[in-house]
Amino acid sequence: MPEGHLLHKVAREQSADLAGQSVRVTSPQGKFDAGAVNGLVLERVRAYGKNLLYAFAGGPTVHVHLGMRGLFLRYPDPAEPPRKGTRMRLAGTVAYDLIAPTICALLEPPQVEQLLARLGPDPLDEEADEQEAVRRLQQARGPVAAAMVDQAVWAGIGNAWRAELLYLERIDPCTPAAQVDAGALWRRTRELMAVGRNAGQVVSDPSHPDERWVYKRDVCRGCGAPVRTEQVGGRTSYACPVEQV
Ligand SMILES: [Zn+2]
């Protein structure tokens with residue numbers, strides 16, 4: 001599943017390509033009410049956690065969540081026909097096809113507020129409040145690895161980021177969330193997810209951006225110990241049994 005860094009990258013790219021333009025919005029597949037925003041000026045594309053919000057001048061907001069299988073295709077020539085099964089096409093000076101999202105829906109302003117109110121601070125939101133992020137993690141029940149991927153605690157983190165960030169902070173994934181140094185973990189998360197957004201991938205060692213420490217590895221890259229896996233918060237967690245204690 002795309003984690004928050006990729007949604008922020010998509011939002012930047014689509015804003016650069018389409019913001020300020022009157023955008024032709026269609027649903028070749030017919031499952032989205034594109035007429036409500038078709039032809040309006042797209043003001044901005046915003047990412048928040050794993051969500052995308054398309055703000056149109058004088059119209060509703062389009063909310064997109066890619067889920068497990070959703071993706072965008074970009075076409076430099078907007079006259080290129082859409083791919084079969086496209087839920088939403090956005091066409092200005094370039095075009096994007098949205099394929100197989102979990103959510104592609106129209107929201108009125110109160111619904112946008114409700115969506116944002118359900119989510120915790122996003123580490124990639126420039127205005128994110130560190131004190132609030134610390135408070136939410138410390139108040140979360142259960143293991144820190146479950147809290148980190150709970151979008152109501154911090155928004156945007158998925159399985160790969162949590163594994164690598166917990167390794168870097170030398171935190172056992174099963175440690176109760178209330179016991180970790182939430183401020184240090186939050187600052188590390190912000191710093192590395194910004195690198196990951198710019199790179200378009202999870203980056204846990206900026207000098208070796210393609211390497212991982214423990215995520216989906218058999219042995220820890222740091223010390224060579226066999227990586228320990230277990231189910232935490234409904235997902236497989238990866239940790240070094242020697243260094244994360
Ligand atoms: Zn290790």
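Helices and strands are DSSP runs numbered from the N terminus, a helix having at least four residues and a strand at least two. On that basis, A100 falls in the loop that joins β7 (95-99) to β8 (103-107). The model described here is a predicted one. Its protein chain contains six helices and 10 strands. With a radius of gyration of 19 Å, close to the 18 Å that the globule rule gives for 245 residues, the chain is as compact as a globular protein of that length.

**Overall dimensions and packing**

- Taken along the principal axes, the C-alpha atoms of the protein chain fill a box of roughly 55 × 35 × 30 Å.
- Buried residues make up 40% of the 245 residues in the protein chain.
- Among contacts in the protein chain with a separation of 6 or more, 58% are between residues 24 or more positions apart.

**Domains and their contact**

- The domain assignment divides the protein chain into domain 1 (4-118) and domain 2 (130-239).
- The centres of domain 1 and domain 2, taken over C-alpha atoms, are separated by 29 Å.
- Nine residues of domain 1 make contact with nine residues of domain 2.
- Helix α1 (residues 4-18) supplies five residues, the largest share of the side of domain 1 that touches domain 2.
- By class, that side of domain 1 consists of two nonpolar, four polar and three charged residues.

**Helix α3**

- In helix α3 (residues 130-139), the buried residues are A133, R136 and L137.
- These residues lie on the same side of α3, because they cover an arc of only 95 degrees around the axis.
- The buried residues of α3 pack against α4 (144-148) and α6.
- Q131, E132 and Q139 are exposed on the other side of α3.

**T86 in strand β6**

- T86 is part of strand β6 (residues 86-91).
- T86 has 21 C-beta neighbours inside 10 Å and therefore counts as buried, the threshold for a buried residue being 20 or more.
- When its neighbours within four places in sequence are left aside, T86 is in contact with P28, Q29, D97, L98 and I99.
- T86 and T236 are 150 residues apart in sequence, and their C-alpha atoms are 32 Å apart in space.

- A100 has a positive phi of about 50 degrees although it is not a glycine.
- A100 is partly exposed, because 15 other C-beta atoms lie within 10 Å, a count between the limits of 12 or fewer for exposed and 20 or more for buried.
- R170, likewise not a glycine, has a positive phi of about 55 degrees.
- R170 is placed in the loop between α5 (159-168) and α6 (182-199).
- With 12 other C-beta atoms within 10 Å, R170 is exposed.

Key. Residues numbered from 1 in each chain as written. Predicted model: local features only at pLDDT ≥ 70, side-chain atom pairs only at ≥ 80, totals over all residues. Rg over C-alpha atoms; globule rule 2.2 N^0.38 Å. Contact = placed C-beta atoms within 7 Å. Domains from an automatic or database assignment. Nonpolar A, V, L, I, M, F, W, Y, C, P; charged D, E, K, R; others polar. Arc of directions from axis to C-beta.
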